[in-house]
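Here are my notes for you, point by point. Keep the model open while you read.

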Amino acid sequence: MRTNLKHYINGEWVESTGNDTYNVINPATEEPMGQISLGTKEDLNKAVQAARDAFPSFSQTSKEERIEMLENIAEAYARRKDEFIDVMTDELGAPLKISEKVHYSMGYNHFAQAAESLKNIEFMEHRGNHTVVKESVGVSGLITPWNFPTNQASTKIASAFAAGSPVVLKPSEMTPFAAIMLAEIFDEVGVPKGAFNLVNGTGETIGDGISSHPDIDFVSFTGSAGVGTKVMQNASETIKNVALELGGKSPLIVLEDADMKDAARNAVSNIATNTGQVCSAATRMIVPASKKEEFEQAVLDVLPEFPVGHPREGNYVGPLVSKKQWDTVQSYIEKGIEEGANLIAGGTGLPEGLEKGYYAQPTIFTDVSNDMVIAQEEIFGPVMSIITYDNIDHAIEIGNDVVYGLAGYVYGKDPETLRKVATSIRAGRIKVNDASHDFNAPFGGYKQSGIGREWGDYGIEEYLEKKAILGFPS
């Protein structure tokens, strides 16, 4: 049982001004694994003031100082690898392999990449008779989700630190302990007081407080489109800069010449990794009508490679994060059945042999039309929709026929067709076949998937204002 009833403000762990606490539930056992304090508006105001007080000096630190700080953070982060894995497995329910290969790894890579990217950023550029200066955006409010506690917090914090922007972080109250570990690391390596502040709490109190706070200059939010809309509305009262990374309903377009078993394995991996709780996951499999039966059989053949069960017992698919999320996923599966989609694997209820924990069956629907609810709305669980197409233009049309545009995937062999699909999908990140992550590539969405970009130098730029100086003295 982990207990931390303090917030990290101005370089110190301080008691909350309120008395409300929150039990963090291990979704594999349905039992509490920790407890935190729920912050108040007074706690938030203290954190914002600490960040504002730190801004004049922190924003003027040299690029070299910030590179060294980020490198020290990455080294300290790596030393606590085993603890990060344990925390992710207990608070999120992520299987040990996913906690290591995804959650721990992504958090580390964002700090390491920010240090490298910063080396190549010029903060002053002379153009003709004017000079462009890039300056810290100011105090940044960061609101991060429960599904990727290390990834989302680390990419935002690393970019802000690289830009010289002090921050106030509100992690999800459902998965707060990775952020608490980050605060401990920042304290260990000597991040300047007030440059990082952590206030745990609810979205209604701390999240709304951040997005509407008059002394916060920039808000970076990751979460649902509905909450993102509220963040924008709150921020508009003070004309605040906003970056949003929201939902997705990403297509995976399988080409005629693809190896169907490889494509099926890639498809199942998309809905199985992190139990489908991935905003950029491919959940709509768009396959040639002529290959429909072959692809469906391939999916059924590879499904056993992704076993569901306790995250500490070698399984690939763990539980969903909460009973609320489990209920949401169940309702979408029921909706798919009601809409007339053909259920060929999975379904409602707990997987066989599991009686405790928020486990969902990996569920495969076929004969799905793209206007069905299960093909249009983000389910955030291990649910796949298989949709057929007649020709490649039809496939692209289906792929783009959603309000989201976070990611897209294409699997096949012909280079010309791969290029056509990759350049035609209206989304912020496209993955061709088994391409690996590049932590310097921009991440963000088109349409209702968000505003702005994260990762690498693109992420750092979000935390920089551009000033033009005419007649800059030589």
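1. First, a term: patches are built from residues with over 30% relative accessible area and no salt bridge, joining like charges within 9 Å and nonpolar side chains (Val, Leu, Ile, Met, Phe, Trp, Tyr) within 5 Å. Here, E256, D257, D414 and E416 make up a negative surface patch. E256 sits in the loop between β13 (250-254) and α9 (260-272); helices (H or I, at least four residues) and strands (E, at least two) are DSSP runs, numbered from the N terminus.

2. Some housekeeping. This is a predicted model, where local features need pLDDT of at least 70 and side-chain atom pairs pLDDT 80 or more, while totals for chains, interfaces and linings use all residues. Residues count from 1 along each chain as its sequence is written, and side-chain values use heavy atoms, leaving out hydrogens and water.

3. Now the salt bridges (a side-chain nitrogen of Lys or Arg within 4 Å of a carboxyl oxygen of Asp or Glu). That rule gives 26 of them. R312 and D90 form one at 3.2 Å, N to O. This pair links distant parts of the chain, 222 residues apart: R312 is in the loop between α10 (292-302) and α11 (323-339), D90 in helix α3 (residues 81-91).

4. Look at helix α10 too. E296 and K292 both lie there, four residues apart, about one turn of the helix, and their side chains meet in a salt bridge (2.9 Å, N to O). Is E296 buried or exposed? E296 counts as buried because its relative accessibility is 11%, and buried means under 20% relative accessible area (exposed is over 50%, partly exposed in between; 1.4 Å probe, protein chains only).

Methods:
Areas by Shrake-Rupley, 256 points an atom, 1.4 Å probe, with all protein chains shown as cover. Lys, Arg positive; Asp, Glu negative; His and termini not counted. Charge placed at Lys NZ, Arg CZ, Asp CG, Glu CD.
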